[in-house]
Amino acid sequence: MAKPEASALTDLFDDESDGFAVRPVLTTAPLAGPLSYLVPVEMPTGALVETPLGGRTVTGVVWDQDPTDKPLDFPRSKLKAVGQRLDAPLLPPALRQFIDWTARYVLSPPGAVLRMALPRAALAPPPKRTLYRSPLTGPNPEARMTVARRRALAELQDTPALPAMEAARVANVSPAVVKGMAAAGLLEAVTIIGDAPMPVLDPEGRKPSLGAAQAEAVLALEAATRAEAFSVTLLDGVTGSGKTVVYMEAIAEALAAGCQALCLLPEIALTDQWLDRFQDRFGARPLVWHSELSAVERRRAWRAIGTGEAGVVVGARSALYLPFPRLGLIIVDEEHDGAFKQEDGVRYHARDMAVVRGQLEQAAVILASATPSLETLANVDRGRYARLALPHRHGGAEKPDIGLIDLRSQPPERGKWLSAPLVDAIEEALANQKQSLLFLNRRGYAPLTLCRACGERLECPHCTAWLVEHRLHGRLICHHCGYSARPPTNCPACDAEDRFAPSGPGVERVAEEAMARWPDARVEVASSDTLAIPQAIRDFTQRMAAGEIDIAIGTQVLAKGHHFPELTVVGIVDGDLGLGGGDLRAAERTYQLLTQAAGRAGRAESPGRALIQTHQPEHPVMQAIAASDRDAFVAAESATRQMAGMPPHGRLAAIIITGKDFAATERTARVTARAAPRWEGVRVLGPAPAPLAQLRGRWRFRLLVQGRRETHMQAYLKEWLDPLEIKGGVRLHVDVDPYSFL
């Protein structure tokens, strides 16, 4: 039967006589795009709804109509109607555009991106809360009175209804006293539905004392924020130059203009001191968003952001997909940090996506770093980003002296990991009652355990990775899949008993040496194992700031952002650790990480020094760090990348093919490679087994697509991959602009 004319279809599907219109609805299912539903005419775009899909109910959002959509070619009567509208703020227009843009750029289903913006906990109904106040008719005259109750009645007489904890704080009694008074009729318990109000932030607050360079940077950032137009500014300041103080004044400007501000941090470990500084400036803490929030905290935060009640949010990369209705400022602190790249699911880089969201919101974007990425510096050189420099430390503090210790001529004692010059520096700090940091970006006790009888190395049964000994927990752990086991007594290869030996140091092993050398010193390990939750991070930073730790031994969680005034010596135990492996960004990452770690020293009145133990003191990275010559390093590294056509002077995309069956996975990888289209300026490398050839029980093959800077990589990938049929339990993942090559 012939299809009706398009005009007839348009008339048919635009029929709203029954109170419904045909509208696109994007669901959280990983589909290629929105589906057509019957939506009540009065329901606005951006409304959250429950939607029937394939016999189940999923969450959806009434989406924007694409003007290029063709009319439907099946009867309106076969369309399903959306379910009930959820009690939640609308998804703002700019966020809907951002979700579509992200999906197109990273080649992920729009529903998968939407799922990041709609955490399940956020859609729960608002809670019931019990508040306490003085009874309107006066307290029960027959109730038993005590000194505490009399005091509480007097203090709460003219206050609004408060939660039990807050009422107890005001009345200087325990919460049990407050609840007991309500039971006795001395106070009235009021049940309400909804969240507690967000704290009020004061943009005037306690304004900081600024140096000349800081004041100049503040004026520029305030102007950019006040313009309510898209701009990107690199805030390029040496470690300890006061970048946080500067961009907080831009936050104050955004608040004064009635806009919301978002600050992205790469690590939860950086949040606590940041929050203290923020509270000191604005009189209250901002809203925090990260993966450790409880379901209740997540729901409250999401709704407060969506209603505009939350003026400032600080969070991890996922905070970029929150429903800000009036976002005026985005800050990406430590913009160079690799933690901003999400490596699974929707593979996006939060720094780059922050720039995109800023453009869609017509907001100012600030990228802050002491060691900016080559991509950001290239955008500055091309005139796309502005740059503000803070070349000196704040408050008269001097940059630390940085020295290289050549381990070839000054090796540690046999079985030890600290060389004599580093030991001497720490002993001097201890004698002066100052703190030291030993930095080693390797968790656990030892990265490898081997049998001294046959050479067997203990590996993860699910990954091609060594098991890391964690002596504090008495476990061997895989850092890739989480597998753990107790160390065996007998070798599984030769059955030799008690012949296992640790090889190489982790932070626990360095701590063992430090405690043996300095038994009276207070030594503490700081890694993601010991600082796994925000409270542990808070406790550690408070003890460190209070001088209760003499020697901290830490991984990258301590390498950036922290300010410890009494820390004067930083020792890099293994400066060469990140230079191997053939990673495109190995030199850049090592330069950034070691510079940031060294920058923890001497951030107050006392001068600081950093010592880097290395077997390659002549390496360009080591020479650049020792000379504090970032420009020379960046120029050399950028020239090397340009010659190879690598980012930021070229485009990359990775295709990762995984499966439980090795042969089927390899066969699919080869078939995929043969299907690659031929484009001028594009070449495909591989397939080859990934360096981490097996991960969580799945075999992995990689292809790398390299193109010129002007290559439309997404168009190339869609032409190549859309026609492919991947079968047999094999999966294909695309990573546009990859950061990890494992």
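Visitor: Which residues are linked with D236 in a network of salt bridges?

Guide: R387 and R630 are linked with D236 in that network. Keep in mind that this is a predicted model. The structure holds 33 salt bridges.

Visitor: What makes R443 and D529 a salt bridge?

Guide: Their closest N and O atoms are 2.8 Å apart. The cut-off is 4 Å, so the pair qualifies.

Visitor: Where do R443 and D529 lie?

Guide: R443 lies in the loop between strand 15 (435-439) and strand 16 (448-451). D529 lies in the loop between strand 21 (523-526) and helix 15 (534-545). The pair therefore ties together parts that are 86 residues apart in sequence.

Visitor: Why is R443 called partly exposed?

Guide: Its relative accessibility is 26%. Buried means under 20% and exposed means over 50%, so R443 falls in between. D529 has a relative accessible area of 23%, so D529 is partly exposed too.

Visitor: How do you know that R543 and E524 form a salt bridge?

Guide: The closest N and O atoms of R543 and E524 are 2.2 Å apart. That is within 4 Å, so the pair counts. R543 lies in helix 15 and E524 in strand 21, so the bridge ties together parts 19 residues apart in sequence.

Visitor: What makes E588 and R641 a pair that links distant parts of the chain?

Guide: They are 53 residues apart. E588 sits in helix 16 (residues 586-598), and R641 sits in helix 18 (residues 630-644). Their side chains meet in a salt bridge of 2.7 Å, N to O.

Visitor: Are E588 and R641 buried or exposed?

Guide: E588 has 3% relative accessibility. R641 has 2%. Buried means under 20%, so E588 and R641 count as buried.

Visitor: Why is T102 called buried?

Guide: Its relative accessibility is 0%, and the limit is under 20%, so T102 counts as buried. T102 lies in helix 2 (residues 93-106).

Visitor: What does the side chain of T102 make a polar contact with?

Guide: It meets the side chain of Y321 at 3.0 Å.

Visitor: How do you know that the span of helix 8 agrees with its length?

Guide: Helix 8 (residues 243-256) has 14 residues. At 1.5 Å a residue, helix 8 should span 20 Å. Its end C-alpha atoms are 20 Å apart, so the two values agree.

Visitor: Why is helix 8 described as largely enclosed?

Guide: 13 of its 14 residues are buried, so the rest of the structure largely encloses helix 8. G258 follows helix 8, and its phi is positive, near 80°.

Visitor: Which residues make the contact between helix 5 and helix 6?

Guide: Helix 5 contributes A164, M165, A167 and A168. Helix 6 contributes P175, V178 and K179.

Terms used
Residues numbered from 1 in each chain as written. Predicted model: local features only at pLDDT ≥ 70, side-chain atom pairs only at ≥ 80, totals over all residues. Heavy atoms only, no water. Helix = DSSP H or I, 4+ residues; strand = E, 2+ residues; numbered from the N terminus. Expected span 1.5 Å × (residues − 1). Buried < 20%, exposed > 50% of the residue type's maximum accessible area, 1.4 Å probe, protein only. Polar contact = N/O pair within 3.5 Å; in protein donor to acceptor, adjacent residues only side chain to side chain. Contact = heavy atoms within 4.5 Å.
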